[in-house]
Amino acid sequence: MKDHYVSLSKKGYWGDQENGTYINPVLPGDYSDPDVIRVGDDYYCISSTLHCSPGMAVLHSNDLVNWNMSGHVVDDLTQIGSEYQYDRMNRYGRGIWAGAIRFHQNKFWVYFFTPDEGLFMSTAADPGGPWEPLHHVWEIAGWDDCCPFWDDDGQGYLVATNFADNYKIHLFKLSDDGKSLLHDSAVVVHQYKGSEASKLYKINGYYYLFHSEIHREDGQDVRVVMMLRSKQLYGPYEEKELIHTHGMEIDREPNQGGLVQTRCSEWYFISHQGTGGHYEGRTLHLLPVSWVDGWPIIGEDTDGDGIGEMVWGGRKPVNGYPAAVLTMNDDFESAVLKPQWEWNHQPKAGKWSLTERSGYLRLYACLPFEKNDFFKVCNTISQRAFRTDHNTVTAKIDLNAMVDDQEAGLCHFAQTYCTIGIHQQQGNRVLKHNNSGAIVCGPPIFSSLIWLRSVWTLHGESQFEYSLDGEHFISFGEVYQLGWGNYRGDRIGLYSYNHEREEGYVDVDSFYYESGGRNV
């Protein structure tokens, strides 16, 4: 059965199989650095967003397999710092890293570090928002991967890694309101090569410090999931490995994540595949957890050594809920941007609208603050690109308000980029394909409406297409290999800018995203 699930996953199958089973990944896109909790019958997961805004994604599920985006914790990245602003865009691969979510005193709490600006937190009565304005707990660089914990006596703590100081894991006391660290209380509770991804739990009288660290296994350095255990919060701790890692291309290092218990007292581990370099990014996985002699085993202990192995599918934790897909389509009928969308850094206010023309996303053309650099084009809006057996995104765009020197269209980007768009010069519009600076101009476009499409395969080979009637599509440009960069998988989105001045706009009528491969 294990080989069966592995085979299906490699073919692009994923998630709920609608027969009481699931296949990993449960989400085949870049939902990195997850943490998870259960409140009643509801499960909530957060995922890091780095330089994308709004920041720190929040997802909801009733069964740990079918997830939907419900919102974000940080609505404006400039609350963190000015380098996230549209006229700087200087935090690629930085920004909001791994955090933790907890439910305490009838509200939700999220803490996270950015590697440059320090520790932040926020609270909300509803995880879908609104969240309180971001609170800057500690201004410092070189820290990551924190988690709050409130003990039975109500005292709060925070565990975090100082990666700039040999990855020492520190334990702090929190102030009563959770908005300050009591720095005099700091204690180093663990240190090893690469030790981070910390989560702190209290289960059946034991304190458990979950973390990952780098070990040498099978001739290569791999990130391994570990657990510390003690009857006393400050130790001494015992340590145990929880799941084997057999190489970056075999199980791709499940590591960062969180433990969660169902109503039926079963335990699971929500994790990402930590190995980067894949166009879909670090995808979301669900692994069963068993307990032996007070230690959790993640996955399945197939050889009896007390350490788990990667699991590629199995029985759903909770039945009775239908299969659901993250809502990626948008007809822009809402006056509020749907949660699947994120901007590349913080967008320029007043340069986009969902209300100026009802049923359309209006994208004004901004002037890039560095010419000929797509990664300095502000107000680019995008979603995660999924890895399934077939993927098609189609955007319908109204070009009526375009002006000279303006360019707008559909884009992929990670470390490199590729666009298909319309470029207007001297009153004439032409189709344009730009693969990281390699430009091919196509036929003139006389229509005021155009449909732009990207079709990509299981292996991330994307072909752009265009249509003037929405029915007959013509391929344009060379095949582009979707990629990975700045700790992110590929993004698929929309852009509009002017090479010379801030003039012109396009109205996006619809954005339809079709993906396949859920089940056999």
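Mentor: Let us begin with Phe-149, which is buried, as its relative accessible area is 8%. Please keep in mind that the model is predicted. Tyr-157 has a relative accessible area of 7%, so this residue is buried as well. The ring centres of Phe-149 and Tyr-157 lie 6.4 Å apart with the planes at 35°, and the pair is therefore tilted. An angle under 30 degrees would have counted as stacked, and one over 60 as edge-to-face.

The structure holds 35 aromatic pairs. One of them joins Trp-14 and Phe-386, edge-to-face, with 6.4 Å from centre to centre and 65° between the planes. Trp-14 belongs to the loop between helix H1 (2-10) and strand S1 (15-16), whereas Phe-386 belongs to the loop between strand S28 (381-384) and strand S29 (390-398); the pair therefore ties together parts that are 372 residues apart in sequence. Trp-14 is buried, with a relative accessible area of 3%. Phe-386 is likewise buried, and its relative accessible area is 1%.

Aromatic residues also gather in a group: Tyr-92, Phe-374, Phe-375, Phe-413, Tyr-417, Tyr-495 and Tyr-497 form one aromatic cluster.

Arg-229 lies over the face of Tyr-206, 4.5 Å from the ring centre. Arg-453 lies over the face of Phe-473, at 3.6 Å from the ring centre.

Definitions and conventions
Residues numbered from 1 in each chain as written. Predicted model: local features only at pLDDT ≥ 70, side-chain atom pairs only at ≥ 80, totals over all residues. Heavy atoms only, no water. Phe/Tyr/Trp six-rings, centres within 6.5 Å; stacked < 30°, edge-to-face > 60°. Helix = DSSP H or I, 4+ residues; strand = E, 2+ residues; numbered from the N terminus. Buried < 20%, exposed > 50% of the residue type's maximum accessible area, 1.4 Å probe, protein only. Lys NZ or Arg CZ within 6 Å of the ring centre and 35° of its normal.
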